[in-house]
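Please open the model in your viewer and keep the selection panel at hand. We will go from stop to stop, and at each one you will hear what to select and what is there.

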Amino acid sequence: MNAPAVTPRTPFLDLQALHTELAEELDEAALRVLHSERVLLGPELESFEQDWAGAVGAGAAVGVGNGLDALALGLRALGVGPGDEVVVPSHTFVATWLGVLHVGAVPVPVDVSPVTGGWEPDAVESAVGERTRVLLPVHLYGHPVDLDPLLDIARRHGLAVLDDAAQAHGARYRDRPVGGLTDLTAWSFYPGKNLGAIGDGGALTTSDPQLAERLRSLRNYGSTQKYVHDEIGWNSRLDELQAALLSVKLRRLAEHNARRRDVAARYDMALDGTELVRPLAPAWGTSVWHLYVVRTPHRDALREHLTASGIETGIHYPVPPHRQPAFAGTSLADAHLPAADLLAREVLSLPMGPHLTEHQQERVVDAVRTFRP
Ligand SMILES: *Cc1c(COP(=O)(O)O)cnc(C)c1O
């Protein structure tokens, strides 16, 4: 009897391989916390915050519960509240908009370029009005945003810049790391990010010591002295276990990002000559390739073809923020954002990660090349 042919599975992101590579150090870190007396706001967090601030060239890092909290706490620390407007991109993960809504402010979407998927400074500037307080660019897919024109707009209009770097750990803009270039940078350590916890986690980085202190209070019930509450804060803390695990992974971040760059370069070469539109890496910095996102009008058929070949893919994102059911009936749903709609129909994320082998990648490329729409 013949054994049935088994289609090998090509994972979208191989977290198992990452954790196997680091198993000894992760085990040691987890046990160290388990047998310690502090599990919240202790030495592991302090040490990770120092290392993370150093890695991104910021004066301070403040660990929080997740990336969405980082956005909301960051906006709150900048003084944003009801009646204020925050300029956001049309094409992003919905959390970027939710952070604004959770402080009672209004996200004002600016459509991205249908070609690059990035922001055009002129379009951003024309969205600035009397109530605008903050520009909130997103380093989507690991590609650094062109920050200088935005910082210039912000300076001329008296605005703050908070950048969403949830997909950009280690990215560089004009040879400086993302994370210390704006008023505040928000990070997520969701497990699938380039630097991920084994659970939820997030942080903010800043070089403004007053903002850092305000954030330390806001994440801890608005309190710096036990049982004294200066303002209405949150409970959103990065716990000792996640901080210890993140410290282990941080030591390998640069190496893992370099491996992602190699994967991206191999895709770029191998997919040349196919009908797919390959991702545009920005000229002004170094991407960390959180995702490798191609575009095609035959996206759904290609995805089915890859799935049938055992290849896992993703769509980032199939429903743009302004089309979310949560916003139905609000002014957000009326926004005219054709580029966001187009991207939602055409983008496809291919397997990407430091542990994607050349052999697995060849399978992806072969499957793409045998696709006929
Ligand atoms: C993941 C992500 C977030 C939210 O982070 P969580 O930790 O999942 O809350 C925010 N913005 C972007 C762009 C993200 O990719």
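The tour below starts with the sheets and then turns to the helices.

**Before you click**

This is a predicted model, in which local features need pLDDT of at least 70 and side-chain atom pairs count only at pLDDT 80 or more, while totals for chains, interfaces and linings use all residues. Residues are numbered from 1 along each chain as its sequence is written, and side-chain values use heavy atoms, with hydrogens and water left out. Element names follow DSSP runs, numbered from the N terminus: helices are H or I runs of at least four residues, and strands are E runs of at least two.

**Stop 1: the seven-stranded sheet**

Select the strands in the order β1-β9-β8-β5-β4-β2-β3, and you have an open sheet with mixed pairing. Two strands count as paired if DSSP finds at least two bridges between them. At the edges sit β1 (60-64) and β3 (106-110), each pairing on one side only. On average, neighbouring strands here are turned by 30° against each other, direction ignored.

Now pick β2 (residues 85-89) and β4 (residues 132-135): they run parallel and share three bridges. E85 is the residue opposite T132 in β4.

**Stop 2: strand β9**

Next, select β9 (202-206). Is this strand mostly covered or uncovered? It is mostly covered, as five of its five residues are buried (under 20% relative accessible area, with exposed meaning over 50% and partly exposed in between, for a 1.4 Å probe and protein chains only). In a regular strand the side chains alternate between the two faces of the sheet. Here, G202, L204 and T206 point one way from β9, and A203 and T205 point the other way.

With β1 it runs antiparallel over five bridges, and A60 stands opposite T206. With β8 the pairing is also antiparallel, over four bridges; there, L204 is the bridge partner of A186.

**Stop 3: helices on the sheet**

Show helix α3 (residues 43-55), which lies across β1, β8 (184-188) and β9 and runs at about 130° to β1. Such angles run from 0 to 180 degrees between N-to-C directions, with axes fitted as lines to C-alpha atoms, for helices over the stretch in contact. Then show helix α8 (residues 209-218): it touches β1, β8 and β9 (contact means heavy atoms within 4.5 Å), and its direction makes about 15° with that of β1.

**Stop 4: α4 against α8**

For the contact, select L73, G74, R76 and A77 in α4 with L211, R214, L215 and L218 in α8.

**Stop 5: α2 against α9**

Move to helix α2 (residues 23-34) and helix α9 (residues 240-250), whose axes come within 9 Å and cross at roughly 155°. The pair is therefore roughly antiparallel (angles over 145 degrees; under 35 is roughly parallel, 65 to 115 roughly perpendicular, and the rest oblique). E25, L26, A29, A30, R32 and V33 in α2 meet E240, L241, A244, L245, V248 and K249 in α9.

**Last stop: the three-stranded sheet**

Finally, select β7-β6-β10, an open sheet with antiparallel pairing. Its edge strands are β7 (176-177) and β10 (285-286). β6 (residues 172-173) joins β7 over two bridges, with Y173 opposite R176.
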